[in-house]
Amino acid sequence: MSAQAQMRALLDQLMGTARDGDETRQRVKFTDDRVCKSHLLDCCPHDILAGTRMDLGECTKIHDLALRADYEIASKERDLFFELDAMDHLESFIAECDRRTELAKKRLAETQEEISAEVSAKAEKVHELNEEIGKLLAKAEQLGAEGNVDESQKILMEVEKVRAKKKEAEEEYRNSMPASSFQQQKLRVCEVCSAYLGLHDNDRRLADHFGGKLHLGFIQIREKLDQLRKTVAEKQEKRNQDRLRRREEREREERLSRRSRSRDRRRRRSRSTSRERRKLSRSRSRDRHRRHRSRSRSHSRGHRRASRDRSAKYKFSRERASREESWESGRSERGPPDWRLESSNGKMASRRSEEKEAGEI
């Protein structure tokens with residue numbers, strides 16, 4: 001890659017697809033299904049194992065550093081949960097690698113001579129010491145390249161101790177089997193990258209293997225897979241807790257709504273009951289008022305009638321009294337009555353009645 005391409009890739013990684021206003025690049029979003037989610041999380045095996053003996057070639061999905069920058073910017077604002085897709089991708093890849101490792105172990109078991117369990121344990125110990133030496137040498141070389149010479153020297157001293165242990169283990173293994181069988185190359189399959197390791201490999205060969213890009217790439221992929229599993233489990237647990245909390249809130253809201261509805265129903269019932277009672281009381285009061293008005297009217301009519309009678313009687317008595325008073329006053333003005341006239345009138349009347357009776361006889 002030229003210096004200009006490296007600068008362009010660095011700008012894409014820092015600023016994303018919108019750094020120079022290229023509309024063709026902005027047409028594909030990082031959320032598109034065509035974009036590799038493992039690449040966005042920097043764990044795609046096609047990128048990690050590029051240039052090794054197990055180079056997988058180009059990925060079938062889109063790889064773009066600018067899209068990775070867009071994802072990193074967007075992931076700070078919301079959780080996109082792309083870890084699940086990347087975890088599925090890495091799990092399928094590691095499962096295929098483990099399957100190849102098991103097949104290689106079966107082929108070695110078929111081609112190599114059968115040995116006893118004791119001899120196999122001694123050979124396994126030699127392989128473990130070889131692996132430890134290779135890892136320590138790879139670490140020492142890395143520290144030396146970084147400039148940490150003191151730590152590198154300490155690790156080389158540990159390598160010498162492990163070499164002494166390996167020599168003793170090889171002596172035990174050589175003495176436990178015939179010389180002809182010992183000279184045969186005993187191979188072992190690496191559990192990390194499924195590569196073949198020899199029992200009698202020298203330190204340089206072991207350091208090249210354990211410090212090589214292939215082995216370290218598989219270590220990176222496996223560590224990233226473990227990290228993704230942990231992250232996915234934490235996020236799923238958080239989602240489950242959020243879902244449970246939302247469910248509890250919905251249930252609490254439903255209970256509150258049911259309580260409020262039942263309270264409203266009771267209130268409506270009480271209001272309707274009180275309304276009916278008020279209507280009934282108003283009708284009763286209206287009836288009582290009507291009866292009272294009818295009674296008061298009849299009473300007032302009787303009272304008025306009695307008062308009219310009393311007034312008529314009073315008026316008649318007043319008139320009678322006034323007539324009597326006028327008659328008395330007139331009689332007083334006329335003087336004493338003529339008793340003689342009255343007596344003559346009586347006599348004349350009696351005489352007329354006698355004559356009438358005699359004529360009839």
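Trainee: What sits over the ring of F82?

Mentor: The charged end of K37 does, at 5.3 Å from the ring centre. A charge sits over a ring if NZ of Lys or CZ of Arg is within 6 Å of the ring centre and within 35 degrees of the ring normal. R239 gives another case, lying over the face of F81 at 4.2 Å from the ring centre.

Trainee: What should I know about the model itself?

Mentor: This is a predicted model, in which local features need pLDDT of at least 70 and side-chain atom pairs count only at pLDDT 80 or more, while totals for chains, interfaces and linings use all residues. Residues are numbered from 1 along each chain as its sequence is written, and side-chain values use heavy atoms, with hydrogens and water left out.

Trainee: How many helices and strands does the chain have?

Mentor: The secondary structure comes to twelve helices and two strands. Helices (H or I, at least four residues) and strands (E, at least two) are DSSP runs, numbered from the N terminus. Along the sequence the pattern is α-α-α-α-α-α-α-α-α-β-β-α-α-α.

Trainee: How is a pair of aromatic rings described?

Mentor: By the distance of the centres and the angle of the planes. Rings of Phe, Tyr and Trp (its six-membered ring) pair if their centres lie within 6.5 Å; planes under 30 degrees apart count as stacked, over 60 as edge-to-face and the rest as tilted. The structure holds four aromatic pairs. In one of them, the centres of F30 and F82 are 6.3 Å apart and the planes are at 70°, so the pair is edge-to-face. This pair links distant parts of the chain, 52 residues apart: F30 is in the loop between α2 (23–26) and α3 (37–40), and F82 is in the loop between α5 (65–75) and α6 (83–111).

Trainee: Are F30 and F82 buried or exposed?

Mentor: Buried means under 20% relative accessible area, exposed over 50%, and partly exposed in between (1.4 Å probe, protein chains only). F30 has a relative accessible area of 10%, so F30 is buried. F82 is buried too, at 9%. Across the chain of 361 residues, buried residues make up 28%.

Trainee: How are the rings of F93 and F218 arranged?

Mentor: They form a stacked pair, 5.8 Å centre to centre, with 20° between the planes. F93 in helix α6 and F218 in helix α11 (residues 213–334) are 125 residues apart, and the pair links distant parts of the chain. F93 is buried at 11% relative accessible area, and F218 is buried at 0%.

Trainee: Which residues is H209 in contact with?

Mentor: Contact means heavy atoms within 4.5 Å. Leaving aside neighbours within four places in sequence, H209 is in contact with C190, C193, A195, L197 and H215. H209 is found in helix α10 and counts as buried, at 9% relative accessibility.

Trainee: Where is I62, and what is it in contact with?

Mentor: I62 is found in the loop between α4 (45–48) and α5. Its contacts, leaving aside neighbours within four places in sequence, are V28, R34, V35, C36 and L67. With a relative accessible area of 30%, I62 is partly exposed.

Trainee: What shows where empty space is left?

Mentor: Rolling a probe the size of a water molecule over the atoms does. On a 1 Å grid over the protein atoms alone, a cavity is a set of points where a 1.4 Å probe fits but cannot get out, and a pocket is an open set with protein on both sides within 12 Å along at least five of seven lines; lining residues have an atom within 4 Å of a point. Grid points are joined across faces, edges and corners, and a volume is the space filled by probe spheres set on the points. The structure holds one cavity of 30 Å³ or more.

Trainee: Which residues line the largest cavity?

Mentor: The lining consists of H127, N130, E131, R188, L197, G198, L206 and F210. α7 (117–146), β2 (196–198) and α10 (203–210) are the elements that give two or more residues to this lining. The largest share, three residues, comes from α7.

Trainee: What about the second largest pocket?

Mentor: About 170 Å³ of space lies in the second largest pocket. Its lining residues include K135, F210 and I219. α7 gives the most to this lining, with five residues.
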